[in-house]
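Here is a brief report on one structure. Look it over first, then read on.

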Amino acid sequence: MTQSAVPANAKGRIVISVITALLLDLMAFTLILPLFPRLLNYYRQEEAGNKETLLGYALQIMEHYKYLISGHNGKAASHGDKWDIVFLGGLLGSLFSFLQFIVSPIIGRASDRFGRRKVLLYTMIGNLLSTGIWIFARSFTMFLVARIIAGLSEGNIQLSIAIISDITPANQRSRSLALVGIAFAVAFTFGPGIGAWFASIDLSKVFPTITGIYPYSMPAIVALILLTFETFYIYKKIPETKVINSTSNDDKSQHENVKTTENNVESIEKRISNLRRLKLIHGLHLFIFSGMEFTLVFLTFDVLDYSNMQQGKLLGYMGILSALLQGGYVRRQVPKLGEKMLVLQGMVACIVGLSSLAMMALSKTHAVAWLYFGVSCLALTTGTVVNCLTGMASLQCQNDNDDNEQEGSRKKKPHPLLEKGRALGEFRSFGQLGRALGPVSACGFYWLSGPAKCYGTGAIIMSIVTITTLLSVPSTRKVVKKE
């Protein structure tokens, strides 16, 4: 099946199917986000006194470390236990992303070799398994096993981006990839609230005779239902697009309507160089942003003592605003301003947002106002930076016939470093490395110095990343423009 045999409306349906499957995946993923503080607190209360458990041993090490570096023991401060939960949450968040850092390039290369659809279905098996374990994770050790399997299995995001890149012309790609960001925003709007609501249903009390379940089994069951439906939906609705991309008439028409640098393509060396810089910026940005974002629910738990439902409402507000910004602003402004300008706007918004959260931690009378202003700024960051950087990275990839239009129907194999699956997998891997180091670093700094210094320092470092982006990232407005 070649791309020339697929009408334009079929490609549109494929994009919609990919986004629908991704939305289901992200809904399942975001259910747990507002639950982390109280879920970890539950495990802490259950296992803190048991030195034979993994969590009990970890808490002992944390107490010794805290005493050595600051002269505090576990009774030194009334907020000590909550700050311990913050640090534990950071470790878990970093572990998941570190596993993604390892597996993303492998998934990308496998999709180049075996096809996007086949690899995507295989990753869903791991997602189903990890969620099934979460349902019965009465111990922290079982919950950790579930998170490890999930980290090694999650491939929906990068493969969705690869599929969309396979069937979307370069001059429309960033607009199409903005739909990925909208899926994120919608999931963050509804997922956390749904997770918080179902967490209020304690199945261990409703069905006390069923062994293995615990107070957080219900949101895990909901996640499993969503992932099961997603798996069947992928099997039925999403075709293989790696083959579709191999003989692209649309790419030929694209070359007729798009001007780039000399000979209608940038040199391979230039593309590889651009990809390296984009990977670095992607990793640095997510190191700061993911760390600060991850601590957000712990910040509100620590300072404002937010419940699961209040956490869900906060994340829902952030998701709604991000979706509105991406649908009403980002998709319209990408063709006019270019991806780089939107990236810079998002980074500046991040600086302002982190500064506001630092003020929120210091404020005694307007903490909620500072919180929601900061979150509003971070919503713009969520809607712009990662999506536009991903769009820029995909534009550096080669289509199978990208560099050989003049040779007619003869196809030239893409450079190995510029194949979509591999290139986008490695790009995502750099981002996941940032996500791996970010939460544990931010939560560790929060644990040692408190929220005000944590978010203030984050704003300063993000300023440096913004300047680096301004000076080093290539402009896309000159790379692709309509005649």
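## Helices 5 and 7

Helix 5 passes helix 7 in a left-handed crossing. Left-handed means that the near helix is turned anticlockwise from the far one by less than a right angle; clockwise would be right-handed. Helices (H or I, at least four residues) are DSSP runs, numbered from the N terminus. By class, this contact of helix 5 with helix 7 has six nonpolar, one polar and two charged residues. Ala, Val, Leu, Ile, Met, Phe, Trp, Tyr, Cys and Pro count as nonpolar, Asp, Glu, Lys and Arg as charged, and the others, Gly among them, as polar.

Axes are lines fitted to C-alpha atoms over the stretch in contact, with angles from 0 to 180 degrees between N-to-C directions. Angles over 145 degrees count as roughly antiparallel, under 35 as roughly parallel, 65 to 115 as roughly perpendicular, and the rest as oblique. From helix 5, Arg116, Val119, Leu120 and Met124 meet Asn156, Leu159, Ala162, Ile163 and Asp166 of helix 7. Contact means heavy atoms within 4.5 Å.

## About the model

This is a predicted model: local features need pLDDT of at least 70, side-chain atom pairs count only at pLDDT 80 or more, and totals for chains, interfaces and linings use all residues. Residues are numbered from 1 along each chain as its sequence is written, and side-chain values use heavy atoms, leaving out hydrogens and water.

## Helices 15 and 18

Helix 15 (residues 339–362) and helix 18 (residues 451–472) have axes that come within 8 Å and cross at roughly 165 degrees. That makes helix 15 roughly antiparallel to helix 18. Their crossing is left-handed. The contact of helix 15 with helix 18 has 18 nonpolar, six polar and one charged residues.

## Helices 13 and 14

Helix 13 (residues 296–304) packs on helix 14 (residues 308–337) at about 135 degrees, with axes 11 Å apart. Helix 13 and helix 14 are therefore oblique to each other. Helix 13 passes helix 14 in a right-handed crossing. Leu296, Val297, Thr300 and Phe301 in helix 13 meet Gln311, Leu314 and Leu315 in helix 14. This contact of helix 13 with helix 14 has five nonpolar, two polar and no charged residues.

How values were computed
Helices (H or I, at least four residues) and strands (E, at least two) are DSSP runs, numbered from the N terminus.
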